[in-house]
Amino acid sequence: MGEEDDSNAIVRPVETWERGRDFLVIQTPEDDAELRRKEIHRREAMAAELNYADETAGISKTYDREGRYNCGRCNKAYEGKCLVVVQSDGRTAIKVDLEAGSCRYWERICAGDAEAWRLYASIGLAAYAIAANGVGWGCHRCPWARRAYEPDDMGRSLYCTKGNARVDSMGCCAINGATAVPIDEDGNPI
Ligand code: SF4
Ligand code: SF4
């Protein structure tokens, strides 16, 4: 203990969010610049921890303007397989569902963005799943989203009851709660 500890005199706060009986965060109607500043930080947390993205948050090329995030429109899909997500043996690429399959690593198709057979992410780590709706994902299909009391400056019209911030209806993240079809340990529909 000494003078050097003075640099730690200011510590980060830990917020406690009001939640309902379902444990989802409760949206409040109050809105001001201070709340929007906090929401920017909360979206940054979702981007860092859950791969959330929209036009101005997270990694923009992982934002799907169509809000589908389907494997068939992902830069990491190759000949019906995924270049990064592997089966339970840890080395064989999963066969992806091109219309409704998706994961947290979805990325827009871009000729200048070279890929490789990385084959290092398990299905669990990637949160790979196939949407039961047969179309795809996105916040607008997520049961954790509510209509925001009012859009924010960037037009985010939904409120995320997991991340406590307004989100883009076409955004998405790794914990999207849309119903998925059952898959086996290698990613194939059961
Ligand atoms: S599993 Fe993920 S990374 Fe692989 S093709 Fe589908 S969305 Fe892209
Ligand atoms: S609404 Fe759903 S998909 Fe969108 S950020 Fe929240 S939990 Fe993720």
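This is a predicted model: local features need pLDDT of at least 70, side-chain atom pairs count only at pLDDT 80 or more; totals for chains, interfaces and linings use all residues.
Reader: What makes strand 1 and strand 2 a pair?

Author: Strand 1 (residues 77-78) and strand 2 are joined by two bridges in the antiparallel sense. Two strands pair if DSSP finds at least two bridges between them, so two bridges meet the cut-off. Residues are numbered from 1 along each chain as its sequence is written, and chains are lettered from A and ligands numbered from 1 in the order in which they are written.

Reader: Why is residues 77-78 called a strand?

Author: A strand is a DSSP run of E with at least two residues, numbered from the N terminus, and strand 1 spans residues 77-78, so the run qualifies. Strand 1 and strand 2 form a hairpin with two residues between them. In that turn, Glu 79 has a positive phi of about 50 degrees.

Reader: How do you know which other strands pair with strand 2?

Author: Two bridges join strand 2 to strand 3 (residues 93-95), running antiparallel, and Lys 81 stands opposite Lys 95 there. Six residues lie between strand 2 and strand 3 in their hairpin, where Gly 90 takes a positive phi near 80 degrees. Strand 5 (residues 121-122) is also joined to strand 2 by two bridges, but in parallel; Ala 121 in strand 5 is the bridge partner of Val 85.

Reader: Why is strand 2 called enclosed?

Author: Five of the six residues of strand 2 (residues 81-86) are buried, so the strand is largely enclosed by the rest of the structure. Buried means that 20 or more other C-beta atoms, placed from the backbone, lie within 10 Å of the residue's own.

Reader: What makes strand 7 and strand 9 the edge strands?

Author: The open sheet of three strands has the order 7-8-9, with antiparallel pairing. Strand 7 (145-147) and strand 9 (165-167) each pair on one side only. Three bridges join strand 8 (residues 158-160) to strand 9, and Cys 160 has Ala 165 as its bridge partner in strand 9.

Reader: Which residues come nearest to ligand 2?

Author: Cys 139, Cys 142, Ala 145, Cys 160 and Cys 173 come nearest, out of 15 residues around ligand 2. A residue is near a molecule if its C-beta atom, placed from the backbone, lies within 6 Å of it.

How values were computed:
Helices (H or I, at least four residues) and strands (E, at least two) are DSSP runs, numbered from the N terminus. A residue is buried if 20 or more other C-beta atoms lie within 10 Å of its own, exposed if 12 or fewer, and partly exposed in between; C-beta atoms are placed from the backbone.
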